[in-house]
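The sequence and structure are shown below.

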Amino acid sequence: MIAQFPAPLSARFARNRLAMGGLLIVALFLFFCFLGPALYSTDQTHTDLTQVNLPPSAAHWLGTDAVGHDQLGRLMYGGQVSLLVGLTAGVLATVIGTLWGAVAGYAGGWVDAVMMRVVDAGIAIPALFILLVVSAITSPGTPGLIVILGLVSWLVPSRLVRAETLTLKNRDYVLTLRATGGTHGRAIRRHILPNSVSTIVVAATFQIADAILLVAYVSYLGLGVQPPKTDWGGMLSAGLTAAYSGRWWLIVPPGLAIILVVCAFNAIGDGLRDAFDVKGRG
């Protein structure tokens, strides 16, 4: 009987149509938000009270808002903030959680107990509550929002990496390294983290989706980035009352953008998890 080797990671991921669809959606939104303004130039700084609340037309494809900003252009600029904050904060949270979980799981004993009690205490407090309190006190800009999101979102990745580390630290190659005089730091860098890459990558995709949602929540409540900057959550907040007057173009596009991007990152995460899970395949 001929042995069947698992297909490469990229091939397994490519077979997942939902994940590939998510990847396509993310790529399209990145193109739309970061390259779109070069093709569809609008003024998102100055107001124009002669162009207020106009419906979609050839001049303004998605209409205008309450201060005369072109809504399609605003969707692009708002998406830059939402995607930049979500991607950066998600990666930051994953890095912090990875280091914390790897150290806790590898050290074990009382060090692990203390570090994980910190994680348990943090998880007991809703991240959104912490984010709202800090945002209300400091009124952070984009860099501050990234840091705050990263510091409240690292708890779940830390638990995932710790669980992976607990199984890896007793493997033969780790024990051999320690027996030959290798340091704990070298064991983590050389074996624990590289062999946890599947867990880390999958966790990062879900963290990015969660970060984008958290940004939308905070901005919807008026505590996100300050005008004239905006993001999709801020656009939802600004257009909520106008939606009752029939001006759907102020709330439907940013709402759909948030839903599509978050679902896309979740689909990518599911696809990566299935692609890495070779053992679960028959």
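The sections below take the salt bridges and then the cysteines of this predicted model.

## Salt bridges: count

The model holds five salt bridges. Side chains of opposite charge can pair when their charged atoms come close.

## Asp65 and Arg74

Asp65 pairs with Arg74 in a salt bridge whose closest N and O atoms are 3.8 Å apart. The cut-off for a salt bridge is 4 Å between such atoms, and the separation in this pair is 3.8 Å.

Both partners are buried. Asp65 has a relative accessibility of 12%, and Arg74 has one of 10%. Each residue counts as buried because its value falls under the limit of 20%.

## Arg162 and Asp112

A salt bridge also forms between Arg162 and Asp112, with 2.8 Å between the closest N and O atoms. This pair links distant parts of the chain: Arg162 belongs to helix H8 (residues 155-168), Asp112 to helix H5 (residues 109-124), and the two residues are 50 apart in the chain.

The two ends of the bridge fall into separate accessibility classes. Asp112 counts as buried, at 8% relative accessibility, whereas Arg162 is partly exposed, with a relative accessible area of 23%.

Within helix H5, Arg117 and Asp120 lie three residues apart, about one turn of the helix. Their side chains meet in a salt bridge, at 2.8 Å from N to O. Asp120 is partly exposed, its relative accessible area being 28%.

This pair is part of a network: salt bridges link Arg117, Asp120 and Arg159. Helix H5 therefore carries Arg117 and Asp120 of the network, and it also holds Asp112, the partner of Arg162 in helix H8.

## Cysteines

How many disulfides does the structure hold? The count is zero. A disulfide would need two cysteine sulfur atoms within 2.5 Å. For Cys33, the closest cysteine sulfur is that of Cys263, and the separation of 16 Å is too far for a bond.

Cys33 counts as buried, at 0% relative accessibility. Cys263 is partly exposed, with a relative accessible area of 48%.

Terms used
Residues numbered from 1 in each chain as written. Predicted model: local features only at pLDDT ≥ 70, side-chain atom pairs only at ≥ 80, totals over all residues. Heavy atoms only, no water. Buried < 20%, exposed > 50% of the residue type's maximum accessible area, 1.4 Å probe, protein only. Helix = DSSP H or I, 4+ residues; strand = E, 2+ residues; numbered from the N terminus.
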